[in-house]
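Reader: I have a model to go through. Can we take it question by question, with cut-offs stated?

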Amino acid sequence: MSGAPLAPLERVRHEILSACPRLVPTELPLADALGCVTVDEVVAVHDVPPFANTAMDGYAVRAVDTACAPVELRVIGLVAAGAAAQCAVGAGEAARIMTGAPIPAGADAVVMVERTRPSADASTVTIETTALPGDHVRRAGDDLAAGQVVMEAGTTLRPAHLGLLASVGVSDVRVSPRARVGVLSTGDELVSGAAALGPGQIRDANRPVLLALLAESGCHGVDLGMAPDKEAIIARVVDQALGDCDALLVTGGVSVGDFDYVKSVIDKLEKSWWWQVAVRPAKPLAVGVRSGKPVFGLPGNPVSSMVSFELFARPALRRMMGHSDVLRPEVEAIADEAFARRPDGKLHLIRVVATWGDDGRLHVRSAGGQASHILSAMAAANALALVPDGPGIDVGGRVKVMLLNP
Ligand code: AMP
Ligand code: MG
């Protein structure tokens with residue numbers, strides 16, 4: 001089994017993505033929709049701004065009256081934001097106006113307050129500058145016109161998008177929901193939290209990591225706890241969790257050890273794969289699907305499970321949540337140290353620290369030990385250098401990097 005041929009990363013990812021259908025759309029209040037992908041086109045039902053208003057505190061005037069500025073105009077009223085203008089501006093007149101207030105009838109320009117001098121009793125104002133029609137006037141529909149497409153279907157909602165939707169009166173939006181993803185750690189050696197360690201025991205590091213990666217990826221993580229290396233128990237937890245979740249992440253037990261029961265549990269789902277992926281770390285990967293819900297059997301070593309999540313689970317979950325760009329950005333960087341390696345048929349993913357150099361280029365250095373149990377190097381890293389099969393990369397050479405937290 002350990003001699004199984006290595007499967008190229010892209011082929012494995014393609015196969016997984018093809019097996020993960022988009023989640024059934026749901027309607028969410030704007031407050032819960034950040035980062036979600038819209039399902040429908042949204043059309044403005046009214047203009048934004050809904051009425052012509054002033055961009056400045058000052059005086060609403062007829063521009064023609066200011067042609068020979070300075071000129072003294074009679075102040076006929078005050079228009080504040082939040083109500084209709086009660087006055088109309090006639091020849092030789094002006095209205096005091098506050099930012100956001102409707103332009104009163106008759107006026108076609110606003111003179112900012114800094115360019116005016118009111119009389120002592122405020123009954124007149126001297127306009128010190130010539131205004132042109134439209135000065136400091138925000139027209140109705142400037143931002144969005146009624147009937148205009150506010151947002152295409154398939155938009156990933158960022159903060160400004162939520163504001164746009166709010167500004168046309170949309171309070172709930174149809175999106176692909178956040179995937180509910182169960183996280184289960186398996187292994188007889190695992191202990192949770194601060195409990196005393198017995199002989200041969202280690203603490204479960206994978207659950208907190210994966211739950212956090214899920215939150216960062218816009219998913220809803222569900223903590224399924226830990227299970228021992230017992231096939232029946234793992235099978236029962238997986239079976240129950242699939243009733244409630246859209247996908248599962250199970251760590252440990254997918255390699256070729258004697259107690260690797262996660263692989264056997266995944267094997268019995270409707271559809272399943274087990275790969276030795278041509279990558280290091282994160283070589284073994286078991287994936288099964290039941291009713292369109294993927295179960296990822298990730299390797300137990302903390303760095304391997306994180307890299308496997310990045311390479312396979314995160315893109316699949318993003319696809320399920322409707323994203324079209326499912327991969328982390330990849331950019332070219334300069335190797336500030338050599339990344340030596342030997343040909344072994346695998347792509348090596350080196351934990352690196354990427355920083356911008358004075359030359360305007362991205363530079364990378366190793367973030368520490370590269371063994372798959374060295375979580376501290378993963379914690380120090382902000383990128384993975386993708387060192388292709390071959391002799392490695394010399395100092396000063398170019399290397400592609402995947403940015404983990406751009
Ligand atoms: P496995 O994939 O089950 O063969 O585990 C590979 C290595 O990862 C072993 O050294 C395990 O003890 C370790 N490991 C498995 N699960 C976890 C976990 N949740 N947290 C930390 N280390 C783990
Ligand atoms: Mg194990």
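Reader: Which residues are exposed on the other side of α2?

Author: This is a predicted model, where local features need pLDDT of at least 70, side-chain atom pairs count only at pLDDT 80 or more, and totals for chains, interfaces and linings use all residues. Residues are numbered from 1 along each chain as its sequence is written, chains are lettered from A and ligands numbered from 1 in the order in which they are written, and side-chain values use heavy atoms, with hydrogens and water left out. Helices (H or I, at least four residues) and strands (E, at least two) are DSSP runs, numbered from the N terminus; buried means under 20% relative accessible area, exposed over 50%, partly exposed in between (1.4 Å probe, protein chains only). On the other side of α2, the exposed residues are P159 and A160.

Reader: Within what arc do the buried residues of α2 fall?

Author: Helix α2 spans residues 159-167, and its buried residues are H161, L162 and L165. The arc is taken from the directions from the helix axis to the C-beta atoms. The buried residues line one face of the helix, because seen down the axis of α2 they fall within an arc of 100°.

Reader: What covers that buried face, and which residue follows the helix with a positive phi?

Author: The cover of α2's buried residues includes β3 (42-43), β12 (149-151) and β13 (172-175). The residue that follows α2 has a positive phi, near 85°, and is G169.

Reader: How many residues of strand β14 are buried?

Author: Strand β14 covers residues 180-186. It is largely enclosed by the rest of the structure, so the count of buried residues is 6 of the 7.

Reader: How far from D229 is the nearest side chain of opposite charge?

Author: D229 sits in the loop between β17 (220-227) and α4 (231-244). Among the residues it touches, not counting those up to four places away in sequence, are D188, E189 and Y261. D229 is buried yet has no salt bridge (a side-chain nitrogen of Lys or Arg within 4 Å of a carboxyl oxygen of Asp or Glu). Lys and Arg count as positive and Asp and Glu as negative, with His and the chain ends not counted; the nearest opposite charge, K230, lies at 7.3 Å.

Reader: Which residue is the bridge partner of Y59 in β8?

Author: Strand β5 (residues 58-61) pairs with β8 in the antiparallel sense over 4 bridges. Both belong to an open sheet of 6 strands, ordered β8-β5-β7-β6-β10-β9. The bridge partner of Y59 is V111.

Terms used
Contact = heavy atoms within 4.5 Å. Pairing = 2+ DSSP bridges.
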